[in-house]
Amino acid sequence: MAAWHPGDRNRLKAICFLLRGASDAELRQFQLTRDPAQFHYTNQGSVEVLSEKTDYRVTTAGLKALGFSGDELSMVWRIVAAVLHLGNINFKTQDDQIQIANRKTLSTAAQLLHVTEEEMQRSLTERVIAARGEIMTKTHDIEQAEFGRDALAKAVYDRLFTWIIQRINKAIVVPGGNTQKRYNRVIGVLDIYGFEIFDQNSFEQFCINYCNEKLQQLFIELVLKQEQEEYRREGIKWTNVDYFNNQIICELVEQPHKGVISIMDEACLNVGKITDEMLLDAMDKKLSHHPHYSSRQLKPMDKELKHRQDFRITHYAGDVIYCIYGFIEKNRDTLFQDFKRLLYHSKDNLTSSMWPEGAQDISKTTKRPLTAGTLFQRSMTELVATLLKKEPFYVRCIKPNDIKSASVFDDVRVEHQVRYLGLLENVRVRRAGFVHRQRYDKFLLRYKMISQYTWPNFRGGSDRDGVKVLITEKNFSHDVEFGKTKIFLRSPQTLFSLEKQRNDMIPHIVTLLQKQVRGWICRQQYKKMKAALVIMRHYRKYKLKSYVQELAMRFRNARQMRDYGKGIQWPQPPLVGREAEKQLRMLFSRWRAATILRKYPREEWPQLRLQIIAASAFRKRRKFWGQDRRWLGNYLSITAENSNYSSYNASINNIKNTDNFRVVLFSTFVKKFNKCNKSADRAVIVTDGAIYKLDGPRNKFRNMKRTVAIKEITSISVSPGRDQLVVFHSHHNNDLVIALQGEQHPLKEDRIGEIVAHVCKRYFELCNQDLPVTVSPTFQLRLGNKMRTLSVEAVAGVETPAFEHSGAVIVFKVPSSYCSAI
């Protein structure tokens, strides 16, 4: 980042995106210009304009799609701009004191990082050392300040990159981690370094090439070594393929106490002035006999190496000459605690969260931080440990030339890469080996449906026996080998054929499974429905039983009550008991009626029924209606009531023969008022089908052909007093207005209830509904198709009730004693 090699493209792509893709307003906000030459970190590499402007928009849109907020996006580009300004900070000495040469740049960087200018200046020019409770300040020289500045810029850029990766991983995490844990399936992409061989190779190239050595070792371990060892372990006939194992190169770098990294760490820990030349001497001393290490001191005749400056490591990819200058400083961790404390106290919360170690108190003694080489080695160890748990698939990228041209193919360069990558050995192992291998239990589980002998389950022996039966049936025995725990398939055609047969069979199996599952689901649903019905039935019985028990509690003393429980309030029935309540009420009513009727002889029951009908019709609106006497019904057939009963009986027989009615329910003498406003003495009989109006005894009870059919009656009107007035309304618009009386004198007993009861009873039997009965001293009626008003009035001195009229008003005058209120 801080230094570039000739011809090397700028690796800080995000910086190029910002300079060439951001808008002018954004550049002004970050105090940047579009010219990369104006910045120290971008004026050393290639300045070729590529697709950075488009890449900036794509990157911003991608981060937004991943859920980055506007503040987070602004923070990302602001920190990138701060890194650029950090690289432009220069130092100078004045009066043996180090100072910032360009304070404006310092102020801009501090502003972008949301720290104060004074704190950043102290962190760049001084270092606080805490030891044994004492705090000391050490001033840097220009070289140390520049190293610290670059270390800070690289650390800020690294923390930002790490934060973005964590933020992306958080955004794309699969919801419901339990599923991921259950199947433990993760697809990861590792874009590894390529080998770097420049004219001037330093500590960075050493680390990158060491990374390639470790990954090549992993490749050898997983692909070549394990492949051949598996064949030997499974007892498969195999001709061993030789390959180069780069373990010796990895040990040259990482071996404890003897490796290059250990030697560098030891040099960095020494007290006093340790130079890069001294480090090279130490490496020559400890690695002098290693076949893959050499230097000019060890090989004086090797003119390619510079004396006390270069050393060579023979990597699997080829020889690389490294310049020792800068190894000591680059290996040391120059990111002092002052920088971490500075950024931890940033006013920007996101920036502060990237530096949690900055929270440590300034007075605490800090341990010497690990060197860059050791940290890199540990990260490689963790990476390899992670990769060993996975199943790797390699995509090898071949570099066609060294001049970055799309039309040049360097045969020697390509052949060299193919050889050092171990691709030839890999191809030989693959060609001589098997394209697919799988444990017997998994293989049988996957392909058992294609054989009639193994589906649905193989019962003839072990999993290996089942696989042999399947392979033999499908005629693939010539293309497979049976190991101790696995089956090995040689050609891909065999695997393709097995997969095709399996895919062809799966729809039929799925249909079968669907049928079985749907049948099972339906059966379960049916069982649940049946269970629900049983529960509902028992619950209904329980609710009904509870309701009946509550009724029994309420009515337990009904027999001893005066009204036999009529006044007891019934509880609210449950929904299931509504129909039962009707039956229970009917049952109670019948019991109560039977209990009451038990006191009376059975021959009186018909009269009681009629009295109940009358009481129901009057509904307490008329006090006197003959309830306290015996009802005889056909009074005109009685000698005491009718002196001309023989003429009456003869007339009734004639009418019965003519109209064919069965019985006379009620008969009496009446005073009739007609449409001509005249009143006359007549007789009225109520049969099972109609009300007949007969002439008086003088005319031998002649039928006057004025019959009112009971089913044509619309209502009955009576007064609330003791008069015997009754009006039968019909839809013929000519109502029957009569007042009951004796043969020669007014009635001494009330018979209104009796006639009303007979008519209402027959009306209900004929029409299956109740006949309305009006009880009022004044009511409307129609005579001769005209609306009239009839009023009952008590008049002093009147002994016999009589009709009078005044226009449309009919007055029925009665003695004062008749108008008794309810």
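**Exercise 1. Ser 647**

Task: State which residues Ser 647 is in contact with, leaving aside its neighbours within four places in sequence.

Solution: 
- Step 1. Set aside the neighbours within four places; Ser 647 is then in contact with Lys 700 and Phe 701. The model is predicted.
- Step 2. Take a distance. Ser 679 is 32 residues from Ser 647 along the chain, and their C-alpha atoms are separated by 23 Å.

**Exercise 2. Ser 295**

Task: Decide whether Ser 295 is buried or exposed, and list what it touches beyond four places in sequence.

Solution: 
- Step 1. Locate the residue. Ser 295 belongs to strand S5, which covers residues 293-295.
- Step 2. Read the accessibility. Ser 295 has 0% relative accessibility, so it counts as buried.
- Step 3. List the partners. Not counting residues up to four places away, Ser 295 touches Asp 284, Leu 305, Asp 310 and Phe 311.

**Exercise 3. Helices H4 and H5**

Task: Describe how H4 and H5 pack, using angle, axis distance and handedness. Then name the residues that meet.

Solution: 
- Step 1. Two packed helices are described by the angle between their axes and the distance between the axes.
- Step 2. Apply them. H4 (residues 70-87) packs with H5 (residues 103-113) at about 155 degrees, and the axes are 9 Å apart.
- Step 3. Name the arrangement. Angles over 145 degrees count as roughly antiparallel, so H4 is roughly antiparallel to H5.
- Step 4. H4 and H5 cross in a left-handed way.
- Step 5. Name the residues. H4 brings Arg 78, Ala 81, Ala 82, His 85 and Leu 86. They meet Thr 105, Thr 108, Ala 109, Leu 112 and Leu 113 of H5.
- Step 6. Sort by class. The contact of H4 with H5 has 6 nonpolar, 3 polar and 1 charged residues.

**Exercise 4. Backbone exceptions**

Task: Explain what sets the backbone apart at Gln 31, at Asn 785 and at the bond from Trp 455 to Pro 456.

Solution: 
- Step 1. Recall the background. Most residues other than glycine have a negative phi, and most peptide bonds are trans.
- Step 2. Take Gln 31. Its phi is positive, about 60 degrees, although Gln 31 is not a glycine. Gln 31 lies in the loop between helix H2 (24-30) and helix H3 (52-65). It is partly exposed, at 37% relative accessible area.
- Step 3. Take Asn 785. This residue is not a glycine either, yet its phi is positive at about 65 degrees. Its loop runs between strand S19 (778-783) and strand S20 (786-794). Asn 785 is partly exposed, with a relative accessible area of 49%.
- Step 4. Take the peptide bond. From Trp 455 to Pro 456 it is cis, with omega near 0 degrees. Pro 456 is in the loop between helix H19 (440-447) and helix H20 (463-473).

**Exercise 5. The whole chain**

Solution: 
- Step 1. Count elements. The chain has 25 helices and 22 strands.
- Step 2. Along the principal axes, the C-alpha atoms fill roughly 175 × 85 × 60 Å.
- Step 3. Buried residues are 42% of the 822.

Technical notes
Residues numbered from 1 in each chain as written. Predicted model: local features only at pLDDT ≥ 70, side-chain atom pairs only at ≥ 80, totals over all residues. Heavy atoms only, no water. Axes fitted to C-alpha atoms, helices over the stretch in contact; angles between N-to-C directions. Helix = DSSP H or I, 4+ residues; strand = E, 2+ residues; numbered from the N terminus. Parallel < 35°, antiparallel > 145°, perpendicular 65-115°, else oblique. Left-handed = near helix turned anticlockwise from the far one by under 90°. Contact = heavy atoms within 4.5 Å. Nonpolar A, V, L, I, M, F, W, Y, C, P; charged D, E, K, R; others polar. Buried < 20%, exposed > 50% of the residue type's maximum accessible area, 1.4 Å probe, protein only.
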